[in-house]
Amino acid sequence: MKVELLAPAGDLERLKVAIEYGADAVYIGGKQFSLRARASNFSLADIKEAVQYAHQRNRKVFVTVNMIPHNSDFEGLQQYLKQLDEINVDAIICASVAILTMVKNLNLKMEVHISTQQTTTNSVAISYWQNKKADRIVLAREVTYENLKEIMKKTTLPIEVFIHGGMCANFSGRCVISNMLTNRDANRGGCAQSCRWSYHLYQNDKCLDKEDKLLSMGSKDMCAYDYLERLLDLGVASLKIEGRMKTAYYIATVVKAYRILIDDYYKNGKISQKKLEEAIVLFERGSNREFFSGFYPGIPDIDGQIYNNDVQANQSYLANVIDYGAGIATIEVRNYFKLNDTLRIFNPQGEDVYFKVTSLVDLDGKTVEIANKPMQILKMKVPVEVNTFTFITKS
Amino acid sequence: MRIVTSVFEEKSLLTLKKLNVTHVLVNELNFSSAIKGFDLKELKNIVNKAHQLQLKVIVKADRLFNQSELDELVTFLKYLATIEIDEILFSDLTIKMLVDEHNLKLKTIYAPETLLTNKYDVQQLQIDGFDSCVISKDIPLVDMFEIVSSNKNYCYLRVHGPILISYGLRRFISVYLDEFKEYTDNYYLKEEHRETLLPIVEKETGTWVYGDTLQSISEINTIFKQPLKGIIIDNMLYDDEYTIKVVKIYKDVLEQKIDYEKAMEKLSLLDEKINYTAISEIKKTALDKD
């Protein structure tokens, strides 16, 4: 059984990008009952369209119903679950035994995956969910590779693990720092990421701050490509990329990178150095935060922490293509570039194409020297055929 | 109604008993979040002493357990059954599964801190054979009461003690300071733009961050009218002297010897460094900035 590459999407555009760049499945949030309240979530009509788009391409769609629900959150939930099932959603991801039981009692055909919010860290805890007829477990990110190896020997339930993306400082689902400091509920979609803020450290009344930095609990992002081959050897069911709030370009780069590595593994039995280098270039292109391998090597030390949360904006993504014909791409500008710059065409399939901007005009046909107005529509000559999933980036 | 309080010293048992405490909550050092508590030998002793006073003993083992710790955890649970503790309070459902698998005579209290926020999940726990549970502390009192009335004589409510707001495996203090410090409970975080002190406890097995200390003085009479299994006063960061004084204050309020204002005045005088949040102040959280 081949591993599933599971990507996030905050809206239909990003779902389509994830699929075109190689995701086997995409997880999305509805407008209700989902974490990531600000991830421009999907209406039921959107979910229906997403499922149709995915199923036509033999891919899957999972819907997050992963808030830790309060009493009132159950109002309308049963109806919502039935609707998701009717539109052929493949699975829901939930963090509540009551919701799992509700789906099973309703005899719905969609699967139920237990969210990482339930902090499952060992095979005995997995057996609880297996007894309750859960279809898959998303393990806590805190499981080390050595422990995962043992877990895989002792469970028959499909196991999903994180491979890439943002990390909570502490156990997801067990943290309410955001609730305490901002009244925004970390477990119901409103996390303010207070763990990434800076804190003074005291012992009794003595301040222990360092001169150059305050303490932060903030984590580097996970990028565990160095564990990918071992995870595939173990037979995990699914590799999850975190980030329903990330941009389409981020999703494209990360998904394509893992697609390259996974395909190489299944083709050659291992991942080649050449493909690894290709993937690393993509990881670096899409991200603006530092990486580490998460908990796979063990409990993180200082190499897993970020004390300065001043994230630099990633400006390598310059434009997306909204139309193409006869060698001319109609583009929507996202970041600054100018005539005669050498740019890159980044496509779902195939290698990158580099070209010099020799012709750049506005919709009136007037030459534009500098593209510096975000969302401006321009036309430019491109050397190869492009489509709406193409990204124009810095070279 | 069961009245449960933390205890750290054997000599406090009799005083707590006289104050109508029915159960004492003791921390096992290795398997709990606590940095103050008992090792296995001391645990046996405190169980015996408590039982002599007709006090029941609840052992707290509230860490989350990784795969490599399971054998050690089973040995521990078997030991607890041998020394005849009365109940075990835990936040990892692994313990319930192991108790069942090994047919151990241990009553289970599931206390996953943040996860029990609705009546339906609690109903499922009853169906699954958990003996009782502790409702999450981060929901409004009205929600707590709705859960309790739908699950009569099943739930414990934390009414007093430091509020755990985060738990993880990273060792934030040691990593920041570049050295392993002596494990003490005297560390605090203070967010750079806020005044609130957040106690932070680090052990080899993880880090726990706390917020204010919860208090339920003005609501304790209402709470006592609810069909609860019990209330918990868990002062894991403080000592028995503080706990005994706190219990006396609640007892005086319940017996109408002092009013709420006087009780709050007494409470605030116990330790001026402690910031309190009333249980009635825990609001329904917003989902977003809007």
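**Views of a two-chain predicted model**

**View 1. Chain A as a whole.** Of the 395 residues of chain A, 50% are buried (a residue is buried if 20 or more other C-beta atoms, placed from the backbone, lie within 10 Å of its own). This is a predicted model: local features need pLDDT of at least 70, side-chain atom pairs count only at pLDDT 80 or more, and totals for chains, interfaces and linings use all residues. Residues are numbered from 1 along each chain as its sequence is written, while chains are lettered from A and ligands numbered from 1 in the order in which they are written. Chain A has ten helices and 21 strands (DSSP runs, numbered from the N terminus: helices are H or I with at least four residues, strands E with at least two). Its C-alpha atoms fill a box of roughly 65 × 60 × 45 Å along the principal axes.

**View 2. Helices H6 and H8 of chain A.** H6(A), residues 145-154, packs against H8(A), residues 225-234, at an angle of about 15°, with the axes 10 Å apart (axes are lines fitted to C-alpha atoms over the stretch in contact, and angles run from 0 to 180 degrees between N-to-C directions). That makes H6(A) roughly parallel to H8(A) (angles under 35 degrees count as roughly parallel). H6(A) contributes Tyr145(A), Leu148(A), Lys149(A) and Met152(A) to the contact; H8(A) contributes Tyr227(A), Arg230(A) and Leu234(A) (two residues are in contact if their C-beta atoms, placed from the backbone, lie within 7 Å). By class, this contact of H6(A) with H8(A) has five nonpolar, no polar and two charged residues (Ala, Val, Leu, Ile, Met, Phe, Trp, Tyr, Cys and Pro count as nonpolar, Asp, Glu, Lys and Arg as charged, and the others, Gly among them, as polar).

**View 3. Chain B as a whole.** Chain B has ten helices and twelve strands. Its radius of gyration is 19 Å, close to the 19 Å that the globule rule gives for 290 residues, so chain B is as compact as a globular protein of that length. Buried residues make up 50% of chain B.

**View 4. Where chain B touches chain A.** Chain B gives 50 residues to the contact, and chain A gives 60. Among the elements of chain B that give two or more residues are helix H4 (94-101) and strand E7 (155-168). The side of chain B that touches chain A has 23 nonpolar, 13 polar and 14 charged residues.

Notes: Angles under 35 degrees count as roughly parallel, over 145 as roughly antiparallel, 65 to 115 as roughly perpendicular and the rest as oblique. The radius of gyration is taken over C-alpha atoms; the globule rule is 2.2 Å times the number of residues to the power 0.38. A residue is buried if 20 or more other C-beta atoms lie within 10 Å of its own, exposed if 12 or fewer, and partly exposed in between; C-beta atoms are placed from the backbone.
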